[in-house]
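Student: I am new to this structure. Please show me how to read its features.

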Amino acid sequence: MKDDVILKVENLSKQYRLGMVGTGTISHDLNRFFAKIRGKEDPYLKIGESNDRSTKSDSQYVWALKNINFEVKRGEVLGIIGKNGAGKSTLLKVLSKVTGPTTGSIKSKGRIASLLEVGTGFHPEMTGKENIFLNGAILGMTKKEIADKLEEIVSFSGCERYVNTPVKRYSSGMKVRLAFAVAAHLEPDILIVDEVLAVGDAEFQKKAIGKMQDISGTDGRTVLFVSHNMAAVKSLCTTGMVLRNGVTQFVGEINNAVTEYLKQFTEDKREISIPLDANNHDFAQFIHAKVGPLKERENGLILEGDALKLEFEFFKKEKGEHILGITFHIHDELGSLVFVSSSFEKENVVNEGYYKEEAIIPENLMNEGVYNISRVILVHNGRGVCRVKDILQFEIIPKNRGFGYSGGKEGVVKPKLNWKRIH
């Protein structure tokens, strides 16, 4: 293992038997034992299905993890992302030695501290202070080393008033606060953090992410971080690994990893006929919506820098003249609002009948990524009289700019500014 590599995982797999505790029956254990003493491969490694929780299984065995390979360098922050049931928590438990791998090897240097579940490693009958010393001893620290950091740990956790109270009386948020403070301040070489930070409040989550940035940046320690909060993952992690059904789908730069992960949930839905029951209203009704490049190309792709055309069709049912306008909202792949636009400012007067409106998003404005037309509202006299949600979804893909710095994927806008050299 290279000097700068602190954790290396090779061909790691974990198999479980469905509906059973452990490996299953005595006969299966005996079959494994006899195969081992005869120098044969475990017969149950040849069977089993992939870890797809949404499908019915015909096998008693399932591979929670299958042939996982990656390495982490000292000071690196690795984000491990994937859908529920993808194998993230299983991987962290194997890395933390809570459970052993079925096949493969794990090579690591130094101490590993884990925060896997709320209250993991805490004795409920012991006080918070006693649990700090217990966790420190498990990590191999001396009593003096723990005592030197005790005040700092308690202060960071924000649980000073209850530090002499048994942990069983703590709320889940307080347990996470204390557990994270212990894990982060007892100077592990590798800190493993599962989704548990989501239990804490916003103030603590911000504090915890800041501490992990300090651990990796200033102290040069390694962090493995699992979360479904993509904004937190992108702000904290340098590299990412995407798991899907127990196998590695992608390993690489964190922005690319998040994009690969989000593609599991997205579909290119650039044109839709809107169902009547989705927006049925006595006043008016949306019929159709479409988004695409202003200048069509054969492959139909929307490239970074393209001008976009949005089309909305509606039918006004109520008779008489009214001033109507369409307002739409665009959100990015993380759910952040990009912008809102409205045609109501033009004071369009319409009567009963069919109408179609177009909006042009200028070229060189939006960055690459996946976007949603999340809300479309027909506005009359300052109020919405008809609305539909999440009707369109499209992806802007990067364009090879060749010479020059493209700026990566940061931000939701990427305008092409007019630059002028004065001197």
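Student: Which element gives the most residues to the lining of the largest pocket?

Tutor: Start with the general idea. Rolling a probe the size of a water molecule over the atoms shows where empty space is left. Now this case, which is a predicted model. Strand S6 gives the most to the lining of the largest pocket, with 4 residues.

Student: How much space lies in the largest pocket, and which residues are the closest to its centre?

Tutor: The space comes to about 420 Å³. The lining has 21 residues, and the closest to the centre are Ile112, Ala113, Ser114, Ile138 and Leu139. Strand S6 (112-115), helix H3 (128-138) and helix H5 (172-185) are the elements that give two or more residues each.

Student: How do the lining residues divide into nonpolar, polar and charged?

Tutor: The lining of the largest pocket has 12 nonpolar residues, 7 polar and 2 charged.

Student: Now a helix. How many residues of H2 are buried?

Tutor: General idea again. An α-helix has 3.6 residues a turn, so residues three or four places apart point the same way. Helix H2 (residues 88-95) is mostly covered, with 6 of its 8 residues buried. Those buried in H2 are Lys88, Thr90, Leu91, Leu92, Val94 and Leu95. After H2 comes Lys97, with a positive phi near 65 degrees.

Student: What is the secondary structure of the chain?

Tutor: The chain has 9 helices and 20 strands. Of its 423 residues, 44% are buried. The accessible surface is about 22500 Å², and carbon and sulfur atoms hold 50% of that surface.

Terms used: Residues are numbered from 1 along each chain as its sequence is written. This is a predicted model: local features need pLDDT of at least 70, side-chain atom pairs count only at pLDDT 80 or more; totals for chains, interfaces and linings use all residues. Side-chain values use heavy atoms; hydrogens and water are left out. On a 1 Å grid over the protein atoms alone, a cavity is a set of points where a 1.4 Å probe fits but cannot get out, and a pocket is an open set with protein on both sides within 12 Å along at least five of seven lines; lining residues have an atom within 4 Å of a point. Grid points are joined across faces, edges and corners, and a volume is the space filled by probe spheres set on the points. Ala, Val, Leu, Ile, Met, Phe, Trp, Tyr, Cys and Pro count as nonpolar, Asp, Glu, Lys and Arg as charged, and the others, Gly among them, as polar. Buried means under 20% relative accessible area, exposed over 50%, partly exposed in between (1.4 Å probe, protein chains only). Accessible areas come from the Shrake-Rupley method with a 1.4 Å probe; for residues, only the protein chains shown count as cover.
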